[in-house]
Structure formats: structure tokens, C-alpha cells
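Dear colleague,

Please find below the structure that I am handing over to you. My notes on what was found in it follow directly after.

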There are 2 protein chains.
Amino acid sequence: MTASIANPSPTKRGRPGYDQESVLSIAVEVFNMHGYDATSMGKLAEHLGISKSAIYHHVPSKGDLLRLALDEALVPLEAIARDERASKGTAEERLKFFLRSTIRVLVKRQQYVTLLLRLRGNTEIERDALQRRRAVDRKVSDLVVEAQQEGSLRSDIDPRTATRLLFGTINSLVEWFRDDGDVTSQQVEDHAITMMFDGLHKRAQ
Amino acid sequence: MTASIANPSPTKRGRPGYDQESVLSIAVEVFNMHGYDATSMGKLAEHLGISKSAIYHHVPSKGDLLRLALDEALVPLEAIARDERASKGTAEERLKFFLRSTIRVLVKRQQYVTLLLRLRGNTEIERDALQRRRAVDRKVSDLVVEAQQEGSLRSDIDPRTATRLLFGTINSLVEWFRDDGDVTSQQVEDHAITMMFDGLHKRAQ
């Protein structure tokens with residue numbers, strides 16, 4: 001009620017009400033809604049309710065917005081490999097750690113990962129991001145091969161096909177998971193891991 | 001070599017070299033590449049190397065092209081439920097039949113299913129197609145519930161989450177499966193079914 005009289009929390013930089021983070025979070029939604037290519041800075045300004053020049057106060061260009069948004073997905077995905085649990089234990093344990101951690105990033109950074117997954121590679125920034133994504137994917141693919149070799153995973157499934165199907169299962173989450181739904185993110189994580197490793201069949205007791 | 005002198009196979013209708021089917025097949029590629037909304041009839045004509053009026057010879061509007069293209073995916077998906085194997089045997093057997101048949105449609109109609117999966121529901125035609133897709137999805141979801149009740153599928157996974165993950169696994173195929181790759185469509189079908197039902201874990205002998 002008093003907010004219009006005195007602003008109790010003035011922002012430190014940029015236009016009142018927006019900092020770079022919130023510009024980014026709205027930009028990524030607009031990119032996902034209309035597609036990156038089809039989103040002009042003018043359209044973005046409209047969605048933000050500010051002028052184009054006010055956006056340029058936060059970021060130099062649309063490409064920079066894209067790069068920053070993709071980093072929101074890629075940086076935590078790349079961090080998984082640097083966690084000590086990514087290099088401890090059997091290949092199966094490490095693979096599970098990778099997949100669980102990936103699911104967590106997907107759920108926490110849903111909009112940013114959606115943007116990453118829909119990239120078409122039309123620009124240098126997009127191609128660079130796709131290359132970083134492929135490097136992350138390759139780590140999972142290597143772990144599938146290693147887990148087959150150690151004998152914990154079945155070897156009658158082609159490892160590249162298995163990796164593609166694992167990512168298919170996991171990546172679909174960004175399309176349908178809702179934080180306010182009936183199923184918590186912890187349950188979805190557990191269900192997905194169970195299904196991928198043990199399958200839907202009821203096992204003999 | 002002689003094709004430029006005498007055309008040995010004149011098309012029965014439309015412009016030489018194109019019938020409705022080939023216009024459709026190129027249109028769906030262009031829609032998938034640039035997005036349906038961003039594809040004008042002018043851009044389409046450019047890709048086809050014919051005039052706009054030549055396209056109108058085949059279809060009355062861009063919306064009709066979309067509707068016809070979506071039918072190429074939806075009609076065979078809807079036909080699965082009418083196959084007699086869809087109503088014979090245990091719920092688990094029927095579910096497997098549904099999923100195997102869905103994979104076959106995805107592989108055979110890859111471009112058309114891609115278009116269907118990327119729909120945003122901006123127009124009446126898109127919303128109608130999404131509704132038909134949801135009706136197909138619901139049949140799978142019902143079978144998961146039934147298979148859990150008959151005791152063939154584990155009941156510790158929420159059936160809606162399981163259905164979403166099954167479609168995630170299967171639908172990803174349209175993004176990566178290549179007919180000329182190392183793995184045949186039959187192998188991909190078998191690997192996907194094995195993974196979804198039995199999981200990647202090596203089972204005790």
C-alpha cells in the first residue's frame with residue numbers, strides 16, 4: 001500500500017524494479033515462447049515494460065542476453081563433473097550421481113535448460129553452447145560404456161542408444177515438470193532413476 | 001539424361017514435379033526448420049522453387065498445409081488403438097504393443113511427429129491437434145494404471161509420472177534417430193522397450 005509513496009527496497013543498479021537477473025529471467029521466457037530468432041529487442045522491451053535503451057543498460061546486445069541465459073544452464077551442468085562424487089565409486093554409482101545431478105539442474109533451471117535444448121546452432125554463441133552441451137553429454141556416454149564394462153549395466157543395449165534414451169527420459173522433464181504439481185522434485189528424481197536403472201516391470205520377490 | 005527431353009512420368013495433377021504429397025513433405029521440413037509461425041507462404045514458395053499461386057494450386061492455405069501435415073502423424077497414431085492387438089492380452093502386453101507401435105510411427109513419420117511435438121497451440125488447428133494427441137497419450141496412461149493394478153508393473157512409481165517419462169524416452173527419438181545410422185529402427189525399438197520395462201541394470205542370472 002505504501003510502495004507507491006516510498007520505495008522500501010531501491011535496486012542498486014539499473015532501472016527501478018529490474019536488475020540483470022530479472023531481465024534475464026523474463027528474456028528467457030520470451031525466447032522460449034516466441035523463439036530466440038523471432039524475438040527482437042523491441043519485443044523484449046514490450047514484455048519487460050521498459051524501453052529498449054533501458055535493456056541496453058543491463059546488457060550490450062541480444063546475443064549477450066542469450067549467452068548469459070545459456071550460462072545459467074551450462075555452468076551448473078559443467079560443475080557436476082567437478083564434484084568429488086563424480087569421480088568416486090563404481091561407474092554405475094558415478095553415472096547415477098551424474099543423472100541425479102542433471103535432473104536437479106533441469107528442475108531448478110527449467111527455463112534456461114529449455115532454451116539450451118531448443119537451440120538450433122544458427123549463431124556462434126549457439127554453436128559454442130551446443131559444443132559445451134555435447135561435452136557434458138559425452139561424460140555420461142563414457143560412464144555408460146564404463147558401467148557396461150564393469151558388468152553393472154547390461155551390455156545388450158548399444159551404449160550410444162542407451163545414452164540418447166537416458167537423455168530423452170531426463171530432458172523431457174523441462175517440458176512437463178511443474179514445481180507446484182502433485183509430485184515433488186525429489187519424487188520425480190527417484191522415479192526417473194528407478195525407471196532408467198530398474199525398469200517398470202515388477203521384479204520377482 | 002533424357003528427362004529434359006521427354007518427361008517419362010508426368011504428374012497427374014498440380015505443377016510438374018510436385019504433387020500434394022511432395023509439397024507437404026517439403027513444407028513440414030521448412031516448418032520444423034523455421035517454426036510454423038515464422039514460415040510465410042512466400043518463404044515456402046522459395047524453398048519449393050515455385051510461385052505462391054502454384055502452392056495454392058495444391059492447398060487453399062497455410063493452415064490447410066499444417067492440418068494435412070499433422071494428420072500424417074495423428075492418423076497412424078490414432079490407428080494404433082483400433083488394431084486388435086491393442087485390446088488383447090494383459091495390460092502389460094497391450095502397453096508394450098502401444099509403445100512399440102508408437103516408436104514405429106515416430107521413426108516412419110519423423111518430420112511430421114516433430115511438427116506435432118513442437119506445436120504451441122496458437123491456432124484452432126494446433127489446439128485441435130494437441131487435443132487429439134492428448135487423447136492418444138491418455139490411452140497409454142490408462143494402460144500404465146491397469147498394468148500396475150494387474151501387478152505386472154511396479155506400483156511405487158506414480159502412473160502419471162511414469163507415462164510422462166515413457167513419452168520422454170520415446171519422443172526423443174524424433175530428435176536423434178537417423179535411418180542411415182549404425183543402429184536399425186528395429187534395434188532402437190527393442191532397446192527402448194527393454195530399457196523402459198527392464199531397466200539398464202544387469203539382472204542376476
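**Contact between the two domains**

Between domain 1 of chain A and domain 2 of chain A, the rule finds 0 salt bridges. Please bear in mind that this is a predicted model. Across that interface there are, however, 4 residue pairs in polar contact, with both residues at pLDDT 80 or more. On the side of domain 1 of chain A that touches domain 2 of chain A, the residues comprise 4 nonpolar, 2 polar and 2 charged.

The contact draws 8 residues from domain 1 of chain A and 9 residues from domain 2 of chain A.

The size of an interface is often expressed as the accessible area lost when the parts come together. Here, the area buried between domain 1 of chain A and domain 2 of chain A is about 770 Å², and carbon and sulfur atoms give 56% of it. Within domain 1 of chain A, the residues that lose the most area to domain 2 of chain A are L24(A), V28(A) and N32(A), which together account for 60% of what that side buries.

**The two chains**

Chain B is superposed on chain A by a rotation of 180 degrees with 0.0 Å of shift along its axis, at an RMSD of 0.0 Å. The two copies are therefore related as by a two-fold rotation axis. Of the interface residues of chain B, 100% are also interface residues in chain A, so the copies meet through the same surface.

Yours sincerely

Terms used: Residues are numbered from 1 along each chain as its sequence is written. Chains are lettered from A and ligands numbered from 1 in the order in which they are written. This is a predicted model: local features need pLDDT of at least 70, side-chain atom pairs count only at pLDDT 80 or more; totals for chains, interfaces and linings use all residues. Side-chain values use heavy atoms; hydrogens and water are left out. Copies are superposed by least squares on the C-alpha atoms of residues with pLDDT of at least 70 in both. Contact means heavy atoms within 4.5 Å. Buried area is the accessible area (1.4 Å probe) that two parts lose on being put together, summed over both. A salt bridge is a side-chain nitrogen of Lys or Arg within 4 Å of a carboxyl oxygen of Asp or Glu. A polar contact is a pair of N or O atoms within 3.5 Å; within protein, one must be able to donate a hydrogen and the other to accept it, and residues adjacent in sequence count only if both atoms are side-chain atoms. Ala, Val, Leu, Ile, Met, Phe, Trp, Tyr, Cys and Pro count as nonpolar, Asp, Glu, Lys and Arg as charged, and the others, Gly among them, as polar.
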